[in-house]
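Here is my note on the model you sent. Please read it with the structure open.

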Amino acid sequence: MKHKHGINLSYNKACRSKDRDLHSVFGDPWESFKTLPVYFHMLEKSNPGTKTKIETDRKNRFKYGFMALGACIYGFNTVIRPVIVVDATHLKSKTRGVLLVAVCKDGNEMIYPLAFGFVNSECSKSWTWFLKQLHDVILHPELVMIVSDRHTGISNGMREIFPNGAHMVCAYHLAKNLKQHCRKRGDVIYHYYHAAYAYSVEEFDRLMAELKSIHPKVYDELSRGWDTKVFTCP
């Protein structure tokens, strides 16, 4: 602003100006929660098969929200492999909150969106609620495999909502934990990566046997899911 218009503008004043402009265009972000029921209603009416859900607290304030488009539900239940990846990301808007997502891969190995959740925080209660809504839109939930990181909320929700479903740990997130605890053991990380991406059972077993021979403790922890709370790699 100073170089272009010759105006000395502080950061705080520029931030307030931006907020006022956004408010004039989009309205109050807090007030927008009041329109969510109407939006969800029209979404279901315009897209047959769409499932939405809103959860409020005792004061009737927004707590959780869920949305799965009818076309995405139909596609998953008919042609998509029953492998679902769930994860969360923190929203950086003024209202904050957490976005929960459930996605798959289609026949072209492209990301296939299945469901979205909007919650106040990432915890066992919010994950359990989201997984319950996800469970209700899946035709055969007992055949589904859920892939995630090692967030405790997801594990607790899986035990309650998908007791018969398979729950696997994402190889990428597991590798990050391994690197964090075994930074000085390149041989351990090498064997893990090659075993994780092995194309046959024989190759996987061979690489895991080699890992067991060089570091039995890492092998034992990987075999039971890698509990980072109790294990450190020397």
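**Notes on the predicted model**

1. Aspartate 149 is buried, at 17% relative accessible area. Buried means under 20% relative accessible area, exposed over 50%, and partly exposed in between (1.4 Å probe, protein chains only). The model is predicted: local features need pLDDT of at least 70, side-chain atom pairs count only at pLDDT 80 or more, and totals for chains, interfaces and linings use all residues. Residues are numbered from 1 along each chain as its sequence is written, and side-chain values use heavy atoms, without hydrogens and water.

2. Aspartate 149 sits in the loop between strand S6 (145-148) and helix H6 (152-161). Helices (H or I, at least four residues) and strands (E, at least two) are DSSP runs, numbered from the N terminus. The aspartate 149 side chain reaches the backbone nitrogen of histidine 151 at 3.1 Å.

3. Which residues is aspartate 149 in contact with, leaving aside neighbours within four places in sequence? They are Asp87, Ile154 and His173. Contact means heavy atoms within 4.5 Å.

4. Now the other end of the accessibility scale. Phenylalanine 26 counts as exposed because its relative accessibility is 66%. Phenylalanine 26 belongs to helix H2 (residues 11-26).

5. Overall, the protein has 10 helices and seven strands. Its radius of gyration is 23 Å, well over the 17 Å that the globule rule gives for 234 residues, so the protein is more spread out than a compact globule. The radius is taken over C-alpha atoms; the rule is 2.2 Å times the number of residues to the power 0.38. Buried residues make up 32% of the 234.

Definitions and conventions. A polar contact is a pair of N or O atoms within 3.5 Å; within protein, one must be able to donate a hydrogen and the other to accept it, and residues adjacent in sequence count only if both atoms are side-chain atoms.
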